[in-house]
Every structure is written in structure tokens, then in C-alpha cells.
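Me: Could you take a close look at one part of this model for me, the surroundings of the ligand, and then show how the rest of the chain is put together?

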Amino acid sequence: MADRQSLALLGDEAAALGALHAGLSAAYGYPGTPSTEIMEFLLERYERGSGPRAQWTSNEKTALEGALGVSFAGKRALVTMKHVGLNVASDPLMNGALLGIQGGLVIAVADDPGMHSSQNEQDSRHYAAFAMIPCLEPRSQQEAYDMAGEAFALSERFRVPVLLRLTTRLSHSRAAVIPGPERGENPLSKAEEREKWMLLPAHARRNYLSLIEKQAALEDWALEHPANRLETEGRDRGLAVITSGLGGNYYEENLGDLIAGRGAAPAHLHIATWPLPQGLIRELCAGAEQVIVIEEGQPFIEERLRGILRQHILIRGKLDGTVNRTGELDPETVRRALGLAPRPSLLAGGLTVEGAEVTFKALDIPRLPGRPPQLCQGCPHRDSYDAVKKAASSLDSVSITADIGCYSLGGMAPYEVPETIVCMGASIGMAKGASDAGIRHALAVIGDSTFLHSGITGLIDAVASRTPLTVIILDNSTVAMTGCQEPILPPAKLRDIVLGVGVEPAHLLELEARGQFLEENAAKLRAEAEYRGPSVVIFRRECLESLRKRKKKERTKKAERV
Ligand code: SF4
């Protein structure tokens, strides 16, 4: 029986619960802020034995491939990742769109406008358009719950994967959610139509045609979707406003002032789907002189309006600077976009509250100094970077590429060791390229989990071409940056993997990342950098945060036994 009481959930948790209640059979993902909590929520239940299989995978590609296998067997699967993870998963995504999805397959992707913990601001809606699959974009925790459930039904109805797009503020803020009824899992029912799942050219051509044919039905679905809400009655039709995602909330927060200033609310359309509800857009803009588009992320809707609207109309949004082109939206930036004056400061000045003037004195709040992110005091990466820095200081012609993880912070003061940070696994490929280009000492710094995610293939390339480079694996026994998830394989396996791809045993070193070994570690690293072939140096010491969590868990277990 469903629990109808409201629950205070993060947007991520609401999406996870929506998937659970929709009859989820398996969930796979790779940790990445702001999506991590979706899987954490499911994992907690799985480990307690009260939820379906939930697992972290080596990377986002293997996560989506696993989900395709679940779908092939007729069951419902969820995949979770952050926006840049979708680049890694893009191969099975693009091809998965051509399959005849059997069990519902939903890809929950959390975008990070403002790049709070990401290397770019890409907008996952582009992937939905690129793959020609539907996308749902919730604007509240309740919608995250409802749309996660709906997405599975949609996936089975149109037999395509469905994207559920979240953004940072929604993922990481909490609000009340009223859960709906719970559905059981699908029965095991393997897909029978082999041509649907065998993308040989003859089949793929037919499947692609079928995907194209689905687009008209998807457009009809979008037109009817209740979350695509058109408001024109009694509105000032000269101005049209289109919102999506949290942009809709910020718009409504400012609506009272907008009405007070203009005498009437503008015509408004909130869009929550891809495909876009083109008919509603035309209806919204009929007779309008201008339309303002307020959307979180890139100018995805805005760029498409020209192709949808027949009449000449002034389109304003991110492209002309009406709305901030980069970073997150917030109530103030939306206010500015709507032509409203900034809200009076609560620190000094006055407000009218129910007709009465209330004045405030400026509070003497000192400006807090900025706190750039830093490696924790005592972090093992500090000792590893000291050794790398010392070794590199006595080498000529050096390049130091690095990767994504806590150790990226070594790129900032006071260490400033890595010279590049691009994407998961890139450090090794780039070190190989730098070495091929003539840099004598190419060093690649990569974490244990990132190495398993997508560093291994770069090392295979280096071994295959006997490239002189040194891969420095910082093994802190955890995926620290996203909250200390367990790496996909235990750290002890790293040695076998490195030797297995062909690194010579004499050129695989395992060192302890401690300050007292600085001179010794730097000397050994320097010697490996001089070696004219691929070498690997593993610096080992557990992350302090992981150590703290592990000890706490052990204490709790011990207390439970007593
Ligand atoms: S969380 Fe762990 S790995 Fe990250 S900076 Fe802190 S100690 Fe280092």
C-alpha cells in the first residue's frame, strides 16, 4: 500500500523514489555532482535488501549498456549520471534510441549550470534532440517524482529511452513530495524482434526510419502534456514569456511585481518537454510583439523559436543578453530579464508591508573572505603533489596532465602542479600526445577511480606504442569528491590491472603518500620519468574523509553486536 504522507525529499531523491514506485528492476550509474544522491538513495535500499539492484559502474557508458540489457529482458531500468557523463554514455544513447526498448529505460541526468562542480555547462536537452528521444524537465521535487514514474511508461509506449533532466538547485534542494501508488516490476519477457536489437546496417536503416516516424506522435504527446502549461486568458498578449525548469518558479516569484508594473500579466507558456509543444508556442506568440525566454542552461528553446514562429517577433533571452548567458538563473536575474527594478535590499532601506512603510537600518555584516576550495589538511594528495613537484623541479621538458577528482584541487595554489584538466581519463591520453610531440618527461596524474573509469584505455595506447610517460595513480581507496563511494574494484586490484595491460613489473612502483617519504618518493618518481617507456607509480593512502566514515561505520557495527 502506498504511503500517502508527504516526504521531504531532495530533487534527486524524489526522482529515485518515483523510479522505485514505477516498478524499477535495476539502477546503474557513475557518481557525479549533482546527480549522486539519486543512486545513493537507491543503493541504501538495495543494501538493506528492501529495493531493487542498484550499482555504481565503471563509467556512464557501462551503466547505460547495463540498463539496455535490463530493458532487453523486459524490465525497467534507471541510469544516473551528471551532464558530462552523458558524453561518455553517448554511444549507447544514440544507438539505444534506435532499438525497440522492451522494459522502460530512463536516463536521469543532472546538469550543472554555473559549473559548481563541473568542467562545463552543457545542456542535456541537446542530447535528447540529437538522439530524437523525449525529455522531461521537472520544476519541483513533486514533478521530479511524478515525471520519473511517467518516463518509464513513456519509454515503453514509444519504445525509446527517455531523458529526465534535473539541474543543480532542484537536485539539491528539499521539498515535500506526496508519493503515488506503487507499481510492481515487469515480468521477465525477453525482446523477440531480433531486428530491433541487432543494429546491423539493414536493420538499423529500418529502425532509424521507425524512430523518425515516432517523432510526429511524440510531438502530439508534448502538445497534450499537462506540464506544458499555456496561460493566455486575461493576459497582455503583446508580451509573451516562455519558461522552463526552475525558470518557471523564478518567473512566478516575480509575477506580482510584473502585474503591478504593467497592469496585467503577460501571456505565459511553461515548457517541460522535448519535443517542444510547437502548437502552444505559436498560440502563445500570436499577436505578441516580443517573447522572453527564461530557461536554465543553454538557449535551447530560444534557438528553436525562429524555426517555429512564422511571424516576425522580437525574441529575447540568453542570446541578446536579456537573460544571463552563463551560470544559474535565480529570482533576481529573472527579475532583471523581465525589466523589473532590483528588489529593495533588506540590509538597508525600506519596504511596504500591507500598506505600512517599514524601514531597515543597514546591518553591519562584515564581508567574509572568499574561501576557494582546497585539499583537506592532511589529505594524501598533498604529500603526493609535494613529491611530484619536487621530482618535476629537477627535470627539464616536463608536462603534467591531470584528471577529475579531489586531486584537481592540486591545480590551485599553493600546489599548482597540474597544467591540464579536461575530462575523465584525458590525463593519460594527453600525456601520450605530449610525449609524442617531443616533451621528454610527460607525467599524468589520475585518481584510482578515474583510472578505472576511462584511464585504462589511455594506458593501453601508451603500452602499445611504448611511449615514454609516467602515469601517477593517486589511490585514496575511494571516490572522494562525490562523497566517498566505493571504487568499482578494490585498490589492491590496480597492480594486477596495470601489469595486465603490459606495463613492465620493474616500472610499476607502489609508494606510500606520506610527508616523511618525500625525498625518497620524489627520487623514485624522477627515475621513472627518465625511463624511456611507459611506467606507473601508485601513491597510496586512504582519504581522510573515507577513513572517518569507515571508522564510524565500524564503530556502529561493533555497537550493534554488543
Ligand atoms: S576528501 Fe579526501 S581526497 Fe578529498 S581532499 Fe579531503 S582528504 Fe583529500
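Reply: By class, its shell holds seven nonpolar, two polar and one charged residues. The residues that make up this shell are Leu375, Cys376, Cys379, His381, Cys406, Asn476, Ala480, Cys543, Leu544 and Glu545. Keep in mind that this is a predicted model.

Now zoom out to the whole chain. The protein chain contains 20 helices and 22 strands. Its radius of gyration is 26 Å, close to the 24 Å that the globule rule gives for 562 residues, so the chain is as compact as a globular protein of that length. Along the principal axes, the C-alpha atoms fill a box of roughly 80 × 70 × 60 Å.

Two helix pairs are worth a look. Take helix 16 (residues 426–437) and helix 17 (residues 448–464): their axes come within 7 Å and cross at roughly 25°. Angles under 35 degrees count as roughly parallel, so helix 16 is roughly parallel to helix 17. The crossing of these two is left-handed. On the helix 16 side the contact uses Ile428, Gly429 and Lys432, while helix 17 brings in Gly455, Gly458, Leu459, Asp461 and Ala462. Sorted by class, the contact of helix 16 with helix 17 has three nonpolar, three polar and two charged residues.

The other pair is helix 1 (residues 11–21) and helix 7 (residues 141–158), which pack at an angle of about 30° with their axes 7 Å apart. That angle makes helix 1 roughly parallel to helix 7. Here the crossing is right-handed. Helix 1 contributes Gly11, Ala14, Ala15, Leu17, Gly18, Ala19 and His21 to the contact, and helix 7 contributes Gln141, Ala144, Tyr145, Asp146, Met147, Ala148 and Gly149. In class terms, the contact of helix 1 with helix 7 comes to eight nonpolar, five polar and one charged residues.

Most residues other than glycine have a negative phi, and most peptide bonds are trans. Arg159 has a positive phi of about 60°, though it is not a glycine. You'll find Arg159 in the loop between helix 7 and strand 7 (162–167). As for peptide bonds, the one joining Thr33 and Pro34 is cis, with omega about 10°. Pro34 sits in the loop between strand 2 (24–29) and helix 2 (36–48). The bond from Trp274 to Pro275 is cis too, with omega near 5°, and Pro275 belongs to the loop between strand 12 (273–274) and helix 12 (278–285).

How values were computed. Residues numbered from 1 in each chain as written. Predicted model: local features only at pLDDT ≥ 70, side-chain atom pairs only at ≥ 80, totals over all residues. Axes fitted to C-alpha atoms, helices over the stretch in contact; angles between N-to-C directions. Helix = DSSP H or I, 4+ residues; strand = E, 2+ residues; numbered from the N terminus. Parallel < 35°, antiparallel > 145°, perpendicular 65-115°, else oblique. Left-handed = near helix turned anticlockwise from the far one by under 90°. Contact = placed C-beta atoms within 7 Å. Nonpolar A, V, L, I, M, F, W, Y, C, P; charged D, E, K, R; others polar. Near = placed C-beta within 6 Å. Rg over C-alpha atoms; globule rule 2.2 N^0.38 Å.
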